[in-house]
Amino acid sequence: MPAPQCSSCHATRAALRRPRSGQALCGPCFCTAFEAEVLHTVLAGRLLPPGAVVAVGASGGKDSTVLAHVLRELAPRLGVSLRLVAVDEGIGGYRDAALAAVRRQAARWDLPLTVVAYADLFGGWTMDAVARSTAGTGRSRACCTFCGVLRRRALEEGARLVGATHIVTGHNADDVAETVLMNFLRGDAGRLARGGGLGSRGEGGALPRCRPLQLASQKEVVLYAHFRRLDYFSEECVYAPEAFRGHARDLLKLLEAARPSAALDLVHSAERLALAPAARPPPPGACSRCGALASRALCQVCALLDGLQRGRPRLAIGKGRGGRDEEGPPGPPPPPPSDLRSGPGPAAGECGAACKERCE
Ligand SMILES: Nc1ncnc2c1ncn2[C@@H]1O[C@H](COP(=O)(O)OP(=O)(O)OP(=O)(O)O)[C@@H](O)[C@H]1O
């Protein structure tokens with residue numbers, strides 16, 4: 001059976017059916033509709049005011065590639081300027097190739113690019129060193145959680161470096177739905193309550209952050225990249241197979257098979273969740289070491305670096321466990337890596353990151 005006419009321009013055959021609405025569109029009409037929807041998300045949510053200097057978290061992957069491309073198209077109408085900020089986590093055999101994709105994008109789109117590295121920001125620690133340090137312990141599966149905490153801080157530092165007023169990331173509806181599921185499975189009411197909305201307003205001196213693709217499905221992000229012929233890096237991080245997120249992703253796929261709107265429904269559920277006063281997390285204070293926002297004495301970055309230097313990486317994830325090890329009782333502490341400096345961490349007041357928030 002021949003493909004139906006595009007239901008928008010009626011001039012050509014449709015190339016796809018939109019996964020959620022079933023609307024038949026040709027490639028160009030789909031891309032125009034996709035861009036209009038992102039524009040609506042940004043304007044309706046007042047995410048990026050005119051004059052904003054926007055740091056785009058650029059990983060080289062499909063989501064941030066699509067985000068940077070769409071925002072570049074929309075920048076004149078929004079009245080914002082863009083900077084690409086890429087974080088080099090120090091993941092051998094993965095990040096170098098992804099950074100090469102970001103460099104190609106920056107050159108092709110004529111956007112300024114700044115790269116910040118964990119090794120420079122976090123006293124010599126790279127993600128590979130963190131993984132070595134946790135290998136064989138109960139904490140090795142938490143690599144992605146550790147990395148998310150450090151990346152959030154690194155992105156904040158990079159954004160400040162380029163004079164940004166706002167940070168955007170490429171999280172799409174599926175990413176956010178997975179996070180909602182993970183928080184439910186962890187029983188983490190505090191993060192569920194904070195996870196709603198399209199981003200954070202930048203409390204405590206942190207830069208405002210938002211996710212303009214939060215209402216776009218992963219499938220449509222991929223379709224947009226395909227029809228716009230975007231060049232992106234599509235390999236999975238070497239540490240991803242260990243992550244708990246993979247189970248949430250599998251669960252989401254099962255749910256979507258029965259209910260195609262499951263991801264977006266979860267995103268909207270999180271937006272509407274209202275916590276009983278007793279379940280609300282306490283107002284954050286300042287990290288006693290670096291001055292960043294923290295719901296405990298040390299912010300998550302300082303707690304993590306502290307634990308790494310002592311050979312007992314720990315992270316306060318979940319329902320107020322007071323910063324104890326994330327995954328079960330600690331095993332014997334591994335020796336500290338000999339090739340790493342144990343850095344002092346950022347000076348008081350320099351961080352400004354919202355450490356209390358989930359960092360992926
Ligand atoms: N190394 C990095 N440098 C800068 N920003 C990053 C980096 N890694 C992730 N981000 C930001 O966080 C968002 C979510 O990252 P995540 O690791 O969940 O990957 P993803 O959902 O596959 O996104 P992408 O396809 O853009 O890599 C990205 O879209 C990007 O904006």
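**Exercise 1. Find which residues of α6 meet which residues of α12.**

Solution. Phe146, Val149, Leu150 and Arg153 lie on the α6 side, and they meet Gln300, Val301 and Leu304 of α12. Contact requires C-beta atoms, placed from the backbone, within 7 Å. These contact residues comprise five nonpolar, one polar and one charged. Ala, Val, Leu, Ile, Met, Phe, Trp, Tyr, Cys and Pro count as nonpolar, Asp, Glu, Lys and Arg as charged, and the others, Gly among them, as polar.

This is a predicted model: local features need pLDDT of at least 70, side-chain atom pairs count only at pLDDT 80 or more, and totals for chains, interfaces and linings use all residues. Numbering starts from 1 along each chain as its sequence is written.

**Exercise 2. Work out how α6 and α12 are oriented to each other.**

Solution. Start with the axes, lines fitted to C-alpha atoms over the stretch in contact, with angles from 0 to 180 degrees between N-to-C directions. The axes of α6 (residues 143-161) and α12 (residues 300-309) come within 9 Å and cross at roughly 125°. The two helices are therefore oblique to each other. Angles under 35 degrees count as roughly parallel, over 145 as roughly antiparallel, 65 to 115 as roughly perpendicular and the rest as oblique.

**Exercise 3. Describe the shell around the ligand.**

Solution. Count first: 17 residues surround the ligand (C-beta atom, placed from the backbone, within 6 Å). The closest are Gly57, Gly61, Asp63, Ser64 and Gly170. Next, the elements giving two or more residues are α2 (62-78), β4 (81-88) and α6. α2 gives the most, with three residues. By class, the shell has four nonpolar, seven polar and six charged residues.

Definitions and conventions
Helices (H or I, at least four residues) and strands (E, at least two) are DSSP runs, numbered from the N terminus. Two residues are in contact if their C-beta atoms, placed from the backbone, lie within 7 Å.
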